[in-house]
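Subject: A structure for you to look at

Hi,

Here is the structure I promised to pass on. Please open it alongside this note, and I will walk you through what turned up.

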Amino acid sequence: MKPEALLHPTPAGLYCPPGDFYIDPVAPVGRAIITHGHADHARAGHGAVLATPETLAIMAVRYGEMFTEKRQPIAYGEVVEVNGVTVWLVPAGHVLGSAQAVVEHKGTRIVTTGDYKRRRDPTCAQFEPVPCDVLISEATFGLPVFVHPPTDGEARKLIASTEQFPERAHLVGAYALGKAQRLICHLREEGYDKPIFIHGAMKKLCDLYEELGVPLGPLEPATIEKGKGEKDRFAGEIVVCPPAAIQSTWARRFPDPLPAFASGWMRVRQRAKQRGVELPIIMSDHADWNELTDTVEEVDPSELWVTHGREDALVRWAELQGRKAKALHLVGYEDENE
Ligand SMILES: [Zn+2]
Ligand SMILES: [Zn+2]
């Protein structure tokens, strides 16, 4: 069948008419397939939600147990039929439980990557390329200027800074789902075994990651009681907090706070400056330009549909390679990195 008849954009999100379901809908719908737990992809209030068990657990932590009427957990690779349309989920390498949605009907197969990356992430399963007729790729960092540096070097940069400034508390902004836990794991891999302090907003998701088998090492709450010497406890320590917190009154309780931010956007000096970030840590859960283009070449779909970010540059690149490509212009997704 024509791929547009199998999956096409609507105001509520990508819709599959024969299966009567949406992928990552931005409005409440009867039946949703959710690629991962980030708030712009995983919204509460759908009738039924099909997702990996991890994504469903993340949604329950974020929205409460009643986030949907019906949960349909499927493991990676488990094949199900939804109103006669074949569906399965494949690792996307973005955050814990993140998946690409594979939809197949009457000889046409479409893969929706959701958000993805190719480099190793100790907190989640590695991206797997799936041959298909249409690849729907995200393009958050879809410009050649975006090439993320090796992650281990960025983790070491942070550790080195705590040694260089042993009197300053290192406040590291990181998104509560995925980035915070990944940053902590990379620090552990670089031999950092001291307690890492976490903001209260990180606690539930860090607990869930550990419950789901991602060890994070010793974590302590980043709370300062009133009292002598309390402040000194945080000198030279790493405190992980939501990005907005690094410039808040909360931050000022710490000794000479050094604001850091772990994000792919830290590649752009101006963004770091605007946010008052002294130590930019370039760590992204999205594919960079090379990962995006390598993935298109590896999957080698008959058609590329691009969404989520800088669509035009990736579409143009694909066309120059002689590929059929178009932008989907889906609305309602804003990267958690913003
Ligand atoms: Zn995401
Ligand atoms: Zn996204």
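Which residue bridges the zinc ion (ligand 2) and the zinc ion (ligand 1)? It is Asp-115, and the two ions lie 3.7 Å apart. His-41 sits in the loop between strand S4 (31-33) and strand S5 (46-51), while Asp-115 sits in the loop between strand S10 (108-112) and strand S11 (134-139), so this pair ties together parts that are 74 residues apart in sequence. Please keep in mind that this is a predicted model.

Now for the zinc ion (ligand 1). Here the coordinating atoms are His-36 (NE2), His-38 (ND1), His-94 (NE2) and Asp-115 (OD), at 2.2 Å. This site is irregular too, with angles of 89 to 165 degrees among its four donor atoms. The donor residues are spaced H-x1-H-x55-H-x20-D in sequence. His-94 belongs to the loop between strand S8 (85-91) and strand S9 (99-105), and Asp-115 to the loop between S10 and S11, so the two tie together parts that are 21 residues apart in sequence.

Asp-115 is buried at 3% relative accessibility, and His-94 is buried at 1%.

Enjoy exploring!

Best wishes

How values were computed:
Residues are numbered from 1 along each chain as its sequence is written. Chains are lettered from A and ligands numbered from 1 in the order in which they are written. This is a predicted model: local features need pLDDT of at least 70, side-chain atom pairs count only at pLDDT 80 or more; totals for chains, interfaces and linings use all residues. Side-chain values use heavy atoms; hydrogens and water are left out. Donors are N, O and S atoms within 2.8 Å of the metal (3.2 Å for Na, K and Ca); water is not among the atoms, so sites may look incomplete. Helices (H or I, at least four residues) and strands (E, at least two) are DSSP runs, numbered from the N terminus. Buried means under 20% relative accessible area, exposed over 50%, partly exposed in between (1.4 Å probe, protein chains only). Four donors count as tetrahedral if all angles lie between 85 and 135 degrees; four count as square planar and six as octahedral if opposite donors are over 155 degrees apart and all others between 65 and 115; anything else is irregular.
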